[in-house]
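Subject: Structure for you to look at

Hello,

Here is the structure we spoke about. Please open it and keep it in view while you read the notes below.

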Amino acid sequence: MDTQQMNIAFVATLQEWDPYGIGGELYEPEIADTVVALRDIDDLQELAEKIKSIYEFAFAEPVQLERCLQVAEKLLIIKNDASCSI
């Protein structure tokens with residue numbers, strides 16, 4: 001999986017997640033920020049906390065850390081699968 005395919009998989013995962021139930025296509029800035037964060041973060045807890053801060057800052061509404069951990073785990077699996085196939 002090349003970088004472009006990996007980024008597409010990240011976006012699809014985050015759109016599917018839809019933590020506020022408003023439609024996955026309405027999170028473009030948050031998804032972009034999360035994809036950028038994924039470049040530097042490999043730790044599950046750190047990534048979940050970063051995702052939580054990104055979405056809560058944008059929407060001024062809380063997101064359960066458990067939900068962030070679940071999506072962070074999916075994203076790290078994609079990232080690790082991509083790095084293993086390069």
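A polar contact is a pair of N or O atoms within 3.5 Å; within protein, one must be able to donate a hydrogen and the other to accept it, and residues adjacent in sequence count only if both atoms are side-chain atoms. Helices are DSSP runs (H or I, at least four residues), numbered from the N terminus. With that in hand, Asp 43 caps the N-terminal end of α3, where one of its side-chain oxygens lies 3.3 Å from the backbone nitrogen of Gln 45.

This is a predicted model, in which local features need pLDDT of at least 70 and side-chain atom pairs count only at pLDDT 80 or more, while totals for chains, interfaces and linings use all residues. Residues are numbered from 1 along each chain as its sequence is written, and side-chain values use heavy atoms, with hydrogens and water left out.

Helix α3

Leu 47, Ala 48, Ile 51, Ile 54 and Tyr 55 of α3 are buried (under 20% relative accessible area, 1.4 Å probe, protein chains only). They are on the same side of α3 because they cover an arc of only 125 degrees around the axis, taken from the directions from the helix axis to the C-beta atoms. After α3 comes Ala 60, with a positive phi near 50 degrees.

The core

A nonpolar core is a set of buried Ala, Val, Leu, Ile, Met, Phe, Trp, Tyr and Cys residues joined through side-chain atoms within 4.5 Å. The largest one has 24 residues, and Phe 10, Leu 14, Trp 17, Leu 47, Ile 51, Tyr 55 and Leu 75 touch the most other members. Two or more residues each come from α1 (3-17), α2 (28-40), α3 (44-59) and α4 (65-85). The most come from α4, with 8 residues.

Aromatic pairs

Rings of Phe, Tyr and Trp (its six-membered ring) pair if their centres lie within 6.5 Å; planes under 30 degrees apart count as stacked, over 60 as edge-to-face and the rest as tilted. There are 4 aromatic pairs by this rule. The pair of Trp 17 and Tyr 55 is edge-to-face, because the ring centres are 5.1 Å apart and the planes at 80 degrees. Trp 17 lies in helix α1 and Tyr 55 in helix α3, so this pair ties together parts 38 residues apart in sequence.

Regards

Terms used. Buried means under 20% relative accessible area, exposed over 50%, partly exposed in between (1.4 Å probe, protein chains only).
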